[in-house]
Amino acid sequence: MSAAKERESTCTRRGFGDEIESIMDAVLGELNVDVCAVVVPEAHGFAVHWHRNSRISKPSAEQLKQSRLFKSPLSRDGNVFMLEAVPFLAKDVLAKGSKRIATYAECPVKGASGKTVLGTICLADSRPQVPAGVLDVLEGYTKQLADVLHRCYKEDNDIMI
């Protein structure tokens with residue numbers, strides 16, 4: 001993605017954007033966090049689906065490029081990864097400003113084999129602690145999201161699932 005203009009993601013172009021948005025609606029409703037986003041791989045990097053009702057505005061393409069958040073999974077073992085007010089997060093470009101990110105959680109969305117990461121569901125909040133139950137909620141919705149992403153990428157075998 002260029003800094004000047006973001007391109008629409010493959011999943012959005014193929015008509016799966018509303019389904020992704022619906023899953024993010026459910027996550028936001030259940031956890032009441034500031035941000036829910038889904039990161040999906042693209043031919044040249046990744047695309048970030050930022051929920052339209054997130055209380056923190058979607059960062060610019062340049063800010064997303066500079067940040068270590070909202071990209072491919074930070075956890076090398078493929079499990080849920082959470083940050084709460086740690087130095088790593090405090091130094092991130094997205095943790096600055098009036099509505100800063102103080103906590104961040106992500107969960108990889110895996111294909112049926114469990115080996116391929118189809119995307120990442122990410123949560124962020126300005127409160128200094130992760131809401132109770134976040135791990136169970138994220139893991140629960142990854143299955144629904146995996147189904148949507150599998151159908152999206154299956155159309156022309158973009159990635160090995």
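Modeller: Happy to. For sorting residues by class, Ala, Val, Leu, Ile, Met, Phe, Trp, Tyr, Cys and Pro count as nonpolar, Asp, Glu, Lys and Arg as charged, and the others, Gly among them, as polar. Please keep in mind that this is a predicted model, where local features need pLDDT of at least 70 and side-chain atom pairs count only at pLDDT 80 or more, while totals for chains, interfaces and linings use all residues. Residues are numbered from 1 along each chain as its sequence is written, and side-chain values use heavy atoms, with hydrogens and water left out.

A cavity here is a set of points on a 1 Å grid over the protein atoms alone where a 1.4 Å probe fits but cannot get out, and lining residues have an atom within 4 Å of a point. Grid points are joined across faces, edges and corners, and a volume is the space filled by probe spheres set on the points. With a threshold of 30 Å³ or more, the count is one cavity. The largest cavity holds about 50 Å³ of space.

Its lining is made up of Val33, Thr103, Tyr104, Ala105, Leu123, Ala124, Asp125, Val130, Pro131 and Val134. Two elements each give two or more residues to that lining: strand S4 (103-110) and strand S5 (117-125). Strands are DSSP runs of E with at least two residues, helices are runs of H or I with at least four, and both are numbered from the N terminus. Sorted by class, the lining has eight nonpolar residues, one polar and one charged.

Let's look at those two strands together. S4 and S5 run antiparallel and are joined by eight bridges; strands pair if DSSP finds at least two bridges between them.

How covered is S5? Eight of its nine residues are buried, so S5 is largely enclosed by the rest of the structure. Buried means under 20% relative accessible area, exposed over 50%, and partly exposed in between (1.4 Å probe, protein chains only). Across the protein, buried residues make up 45% of the 161 residues.

Alanine 105, another of the lining residues, sits in strand S4. Its relative accessibility is 3%, so alanine 105 counts as buried. The C-alpha atom of alanine 105 is 8.8 Å from that of leucine 138, although 33 residues separate the two along the chain.

Strand S1 (residues 35-42) runs antiparallel to S5, with five bridges between them. In that pairing alanine 37 has cysteine 122 of S5 as its bridge partner, and valine 38 stands opposite isoleucine 121 in S5. S1 is itself mostly covered, with six of its eight residues buried. S1 also runs antiparallel to strand S2 (residues 45-50), and six bridges join that pair. Valine 39 has valine 48 as its bridge partner in S2, and the hairpin between S1 and S2 has two residues.

Stepping back, the protein has five helices and five strands, and from the N terminus on they run α-α-β-β-α-β-α-β-β-α. Among contacts (heavy atoms within 4.5 Å) between residues at least 6 apart in sequence, 63% join residues at least 24 apart.

Finally, a word on confidence. pLDDT is the predictor's confidence in each residue, from 0 to 100. Its mean over the protein is 78, and 79% of the residues reach 70 or more. Confidence is highest in helix H2 (residues 17-31), with a mean of 91, and lowest in strand S3 (residues 81-84), with a mean of 65. Residues 1-5 have pLDDT below 50, and beyond near neighbours in sequence this stretch has nine contacts in the model. Where pLDDT is low, the predicted coordinates should not be read in detail.

Definitions and conventions. 1 Å grid on protein atoms, 1.4 Å probe; cavity = no way out; pocket = protein on both sides within 12 Å on 5 of 7 lines; lining within 4 Å.
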